[in-house]
Amino acid sequence: MNSQKHLFSLDPEITYLNCAYMSPLMKSVEEAGIKGIQRKLQPWKVKGENFFNESNDLRREFAKLINTSEPNRCVIIPSVSYGLASVAHNLDLYEEDEILVVSEQFPSNVYPWRKVVEEAGARIVTITPPQTTENRAKLWNEYILDAINTKTKMVACGHIHWADGTIFDLEAIRARTTDVEALLVIDGTQSIGALPFDIQKIKPDALIAAGYKSMMGPYSIGMAYYGEAFDDGNPIEENWINRYKSEDFSNLVNYNNDYQPQALRYEVGEHSNFILVPMLLEAIKILNEWNPENIKTYCDELVREPISKLRDAGFIIEEEGKRASNLFGIRLGVHHNMDDLKQKLTEANIFVSYRGDAIRVSPNVYNNTEEVEKLVQTLM
Ligand SMILES: Cc1ncc(COP(=O)(O)O)c(C=O)c1O
């Protein structure tokens, strides 16, 4: 795959290496949004079936992206916190139970658990990385596996760490959680789209992802997958459209006690958002055409040489395979000064993030070799 910069409207004066903050939009995604706005100018053209068709298409396209044959396990959510609230609402927690998270996890994937453990008298176990830069990712994964035991009710983590791109070995974590009958809930916000994810291989109980980062969609819409563990659960809201046969508008006040099939009860009210749904649908269609495997390879090749140069210059970056290429942390060596580097990057119009003690760099298919080389030259 080659650079897809031409599909975006990026300013040639800037170097945008900050997809983990917010992706830019493709021009075709922008057009889909504008069409969505314009549709509301003529509401008489919005038909009953429009409340369902595009949401169905979006579920199917997302199902393809994560390789599940069950699109009705995929639901539209407004945020990660919403998707995880449905998990929290259905956790049957007891005093002795433990919820396992990794340290410095994104807050939307910590606060819901703090609330439920407090109510149940249970506890959160936070797995911190080793204090060494040698084998950091390998050891961190081992600590996670060692901490899973019969008290573990759930492991909630990302596929990659949002601050430095450390890859968590989800297959190994799934195997261990299955042994002790614990749930596995994944926040895929920084990885879905940019890294292959296979529901059939990982078999998570839930996968939640915001749409505006590696899925390249707009803000305020995301997707969630819920497995069988949540089949008979309670949604956090009771909206009309999630009820069985809501397609029949003339019958809505013959209130129905049943929900739509599988996970659809967890979908947000007004999921048929006529602006955001077509935008995310268009973005995921293109991701599926590209294929996350190719996006991953593109990013791997894009950063391999530059990372090697930065390591030679004393920067500390996890080795390939243990960290993502669409998001990685650069930690400073003894001779570097963070304030100086921040100033240099700002002056060079290079956009990255600063998370914890790392410079977070997150390229994607709209970046090219010259841009990553410019980053290297600016940091050296
Ligand atoms: C890993 C991760 N999860 C979730 C989010 C967003 O959470 P929410 O949709 O609840 O605002 C972010 C935003 O930076 C993130 O990095």
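Predicted model: local features only at pLDDT ≥ 70, side-chain atom pairs only at ≥ 80, totals over all residues.
**View 1. The side of domain 1 that touches domain 2.** Contacts between the domains involve 25 residues of domain 1 and 26 residues of domain 2. On the domain 1 side, two or more residues are given by each of helix H9 (292-312), strand E9 (328-331) and strand E12 (358-361), and H9 supplies the largest share, with five residues. By residue class, this side of domain 1 comprises 13 nonpolar, five polar and seven charged residues.

**View 2. The largest nonpolar core.** This core holds 103 residues, of which Val155, Ala206, Ala224, Leu280 and Ala283 touch the most other members. Helix H8 (residues 276-290) contributes the most to the core, giving eight residues, and both domain 1 and domain 2 are represented in this core by at least three residues each.

**View 3. The surroundings of Leu280.** When neighbours within four places in sequence are left aside, Leu280 is in contact with Leu58, Gly211, Met215, Gly217, Pro218 and Ile221. Leu280 is also among the core residues that touch the most other members.

**View 4. The shell around the ligand.** Surrounding the ligand are Ser79, Val80, Ser81, Phe106, Ser108, Gly158, Trp162, Asp187, Thr189, Gln190 and Ala210. The residues of this shell divide into six polar, four nonpolar and one charged.

Note on methods: Residues numbered from 1 in each chain as written. Core = buried A, V, L, I, M, F, W, Y, C linked by C-beta atoms within 7 Å. Buried ≥ 20, exposed ≤ 12 C-beta atoms within 10 Å, placed from the backbone. Helix = DSSP H or I, 4+ residues; strand = E, 2+ residues; numbered from the N terminus. Domains from an automatic or database assignment. Contact = placed C-beta atoms within 7 Å. Near = placed C-beta within 6 Å. Nonpolar A, V, L, I, M, F, W, Y, C, P; charged D, E, K, R; others polar.
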